[in-house]
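Please walk through this model with me, starting at the strands and ending at the helices.

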Amino acid sequence: MIRKFVLASTCLIAFFTLSFSVIAGQLYRFPDENGVLTLSRSLPPEAAQKGYDILDDDSMRLIQRVAPAPTADEIAEMETQKAVEIERQKRIELEAQEAEKQRAKQARIDRTLLVTYSTEKALIKARDKELNYRKEQIETYKSKLPDLKENLVEIQKEAADRELGGGKITTNMQKRLDAAHEEIEVRKKAIERFQAEIDVLAEKYESDLRRLRYLLGKQANN
């Protein structure tokens with residue numbers, strides 16, 4: 001019984017000795033309420049908020065430096081920066097997704113281009129055919145404009161002579177005037193439309209030709 005008591009007492013002494021040595025081996029350094037650096041084996045709650053150092057008791061070597069707890073303004077700033085970073089990451093992801101979509105779209109266009117035109121000559125032939133058709137249409141519409149304008153002038157002269165003679169322009173004559181004006185405008189708009197198509201097609205074919213040359217050259221190098 002005495003032996004067990006001695007053994008238990010020895011364990012307790014060893015435990016308290018170890019605990020004391022752990023506590024004794026560490027000091028806290030922190031500014032007090034006046035800003036003066038203070039050493040202590042215990043850390044007041046207010047000091048923990050302001051930041052502190054943990055020192056080795058024997059060598060006074062710095063073991064760890066604990067930063068002050070952030071203020072409300074600093075917390076708010078950190079939250080703002082976090083939100084900004086989240087938005088930046090979202091934007092980067094969206095841009096990456098859009099870039100991938102564009103790459104996939106370009107790949108589909110390239111496949112279609114290579115299937116449609118096996119050579120540059122084939123593309124140029126198709127381009128010239130489409131452009132020449134529209135040029136011919138423009139010339140056809142332009143060639144008829146002088147006659148239409150002359151016809152309009154004759155109707156206008158006829159209407160003017162009637163008014164000078166004290167008469168009025170008849171309903172039929174007004175219809176002829178309106179029809180002559182409309183026919184000229186229709187042909188002018190058709191010419192403008194075909195010219196716009198030529199401009200668009202010429203630009204598209206030029207772009208396609210550059211891309212086809214690149215793709216064919218890439219195939220040849222592979």
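L27 has L55 in β3 as its bridge partner. The model is predicted: local features need pLDDT of at least 70, side-chain atom pairs count only at pLDDT 80 or more, and totals for chains, interfaces and linings use all residues. Residues are numbered from 1 along each chain as its sequence is written, and side-chain values use heavy atoms, without hydrogens and water.

Strand β1 (residues 26–31) and strand β3 (residues 52–56) run antiparallel, joined by four bridges. Strands count as paired if DSSP finds at least two bridges between them. β1 also runs antiparallel to strand β2 (residues 37–40), again through four bridges. Here F30 stands opposite T38 in β2. Five residues separate β1 and β2 in a hairpin, and G35 in the turn has a positive phi of about 85°.

Now the whole chain. It holds five helices and four strands, in the order α-β-β-α-β-β-α-α-α. These elements are DSSP runs numbered from the N terminus: helices are H or I with at least four residues, strands E with at least two. Of the 222 residues, 18% are buried, meaning under 20% relative accessible area with a 1.4 Å probe, protein chains only.

Last, the helices. The axes of α3 (residues 72–116) and α5 (residues 171–221) come within 10 Å and cross at roughly 85°. α3 is therefore roughly perpendicular to α5, a term for angles of 65 to 115 degrees. Axes are lines fitted to C-alpha atoms, for helices over the stretch in contact, and angles run from 0 to 180 degrees between N-to-C directions. Q106, D110, L113 and L114 in α3 meet residues of α5 including R211 and L215, with contact meaning heavy atoms within 4.5 Å.

Key:
Buried means under 20% relative accessible area, exposed over 50%, partly exposed in between (1.4 Å probe, protein chains only). Angles under 35 degrees count as roughly parallel, over 145 as roughly antiparallel, 65 to 115 as roughly perpendicular and the rest as oblique.
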